[in-house]
Amino acid sequence: MHRPQPRQYQPLDRLLINADQVIRTLFGRPPVSGRADPAEHLPDTELSSEQADHVARLMRINHTGEVCAQGLYHGQAITARSPEVREAMEHSAIEENDHLAWCEQRVKELGGRLSYLNPAFYAGSFALGAAAGLVGDRWSLGFVAETERQVEGHLDEHLGQIPADDQRTRAILEQMKDDEMAHGQKATQLGGVELPAPIRMTMTLTSKLMTRSVYRF
C-alpha cells in the first residue's frame, strides 16, 4: 500500500506555523492529542491551604517545564535535517501539549496561577533546540533524551512531595512520567547520542534555576 509522504512546508510556512505555536503555547490553547485528563474521574482531596499552595507551585513548575519542552521541540523541528526526525519532534510536541493542559487545569483547581516567566523560558528553550538541530540530528535527539531523563527525576521528586491522598495530582504526574520516558526512548532509538558530561551538568544547573525561580514567580 502506498503511504502518503509528509507534507513539505516552505520556510515561510514553517515560520508562520511556529509563530502560531508560540502564541498558542503561551497565551492560548495549543492542539492536544485528544487523550483524557488522567485526573478526570478521580475524587478531589481536601488539602490544607499550605498543602494546596505547595502542590499548585509544584504543578506550576511542571507546567513551565512543558512550556520549555514545547520551545525545545519547536526549535528542533525547524532545524532538523531528517523529515523522520522532524515528524517525531512534532508528534512528541503534541503529546507534551496534553501535559500543558493537564498541569494548567490542576494549578487552577488548587487556586494557583501560571508562571510569569514562561515567555522567557520558552524563548531560551527554542534557541537551544534550534541550535541543537543545527549541530545535527543525532546531537539534537541526544539533547531530547537527556532532557527527558532529567524531567523524570523532577517528577519523581514531586511525586514524593505531594500528599499521599492527592490522587488527582498523582495521576497526572505518573502519566507525564510515562510519556517522558517514552519520548526519551524514542529519541535514543532514532539515533540520539549521549551528551558530554559538561553539557549534562549545565542542563542540570539550568533546570534547578528554572524550578527555583518558577516556584516563586
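What volume does the second largest pocket have? The second largest pocket has a volume of about 280 Å³.

## Basis of the model

This is a predicted model, in which local features need pLDDT of at least 70, side-chain atom pairs count only at pLDDT 80 or more, and totals for chains, interfaces and linings use all residues. Residues are numbered from 1 along each chain as its sequence is written, and side-chain values use heavy atoms, with hydrogens and water left out.

## The two pockets

Rolling a probe the size of a water molecule over the atoms shows where empty space is left. The search uses a 1 Å grid over the protein atoms alone: a cavity is a set of points where a 1.4 Å probe fits but cannot get out, a pocket is an open set with protein on both sides within 12 Å along at least five of seven lines, and lining residues have an atom within 4 Å of a point. Points are joined across faces, edges and corners, and a volume is the space filled by probe spheres set on them.

The largest pocket has a volume of about 660 Å³. Its lining has 31 residues, and those nearest the centre of the pocket are C68, S125, T147, T206 and S207. At least two lining residues come from each of α2 (49–79), α4 (118–135), α5 (137–161), α6 (167–189) and α7 (197–216). Helices here are DSSP runs (H or I, at least four residues), numbered from the N terminus. By class, the lining of the largest pocket has 15 nonpolar, 12 polar and 4 charged residues; Ala, Val, Leu, Ile, Met, Phe, Trp, Tyr, Cys and Pro count as nonpolar, Asp, Glu, Lys and Arg as charged, and the others, Gly among them, as polar.

Returning to the second largest pocket, its volume is about 280 Å³, and 14 residues line it, with H154, E157, S207, K208 and T211 closest to its centre. α2, α5 and α7 each give at least two residues to this lining, and the largest share, 7 residues, is from α5. The lining of the second largest pocket divides into 2 nonpolar, 8 polar and 4 charged residues.

## The cavity

How many cavities of 30 Å³ or more does the structure hold? The structure holds 1 cavity of that kind. The largest cavity has a volume of about 50 Å³. It is lined by Y73, A88, M89, S92, L141, V144, H183, K186, A187 and L190. Two or more of these residues come from each of α3 (83–109), α5 and α6. The lining of the largest cavity counts 7 nonpolar, 2 polar and 1 charged residues.

## Helix packing

Two packed helices are described by the angle between their axes and the distance between the axes. Axes are lines fitted to C-alpha atoms, for helices over the stretch in contact, and angles run from 0 to 180 degrees between N-to-C directions. Angles under 35 degrees count as roughly parallel, over 145 as roughly antiparallel, 65 to 115 as roughly perpendicular and the rest as oblique. A crossing is left-handed if the near helix is turned anticlockwise from the far one by less than a right angle, and right-handed if clockwise.

The axes of α2 and α6 cross at roughly 25° and come within 12 Å, so α2 and α6 are roughly parallel to each other. Their crossing is left-handed. In contact (heavy atoms within 4.5 Å) are V55, M59, N62, E66 and Y73 of α2 with T169, I172, L173, M176, E180 and H183 of α6. This contact of α2 with α6 has 6 nonpolar, 3 polar and 2 charged residues.

α3 and α5 pack at about 20° with axes 11 Å apart, and are therefore roughly parallel. The crossing of α3 and α5 is left-handed. V85, M89 and E96 of α3 meet D137, S140, L141, V144 and E148 of α5. α2 and α3 pack at an angle of about 160°, with their axes 9 Å apart, and are therefore roughly antiparallel.
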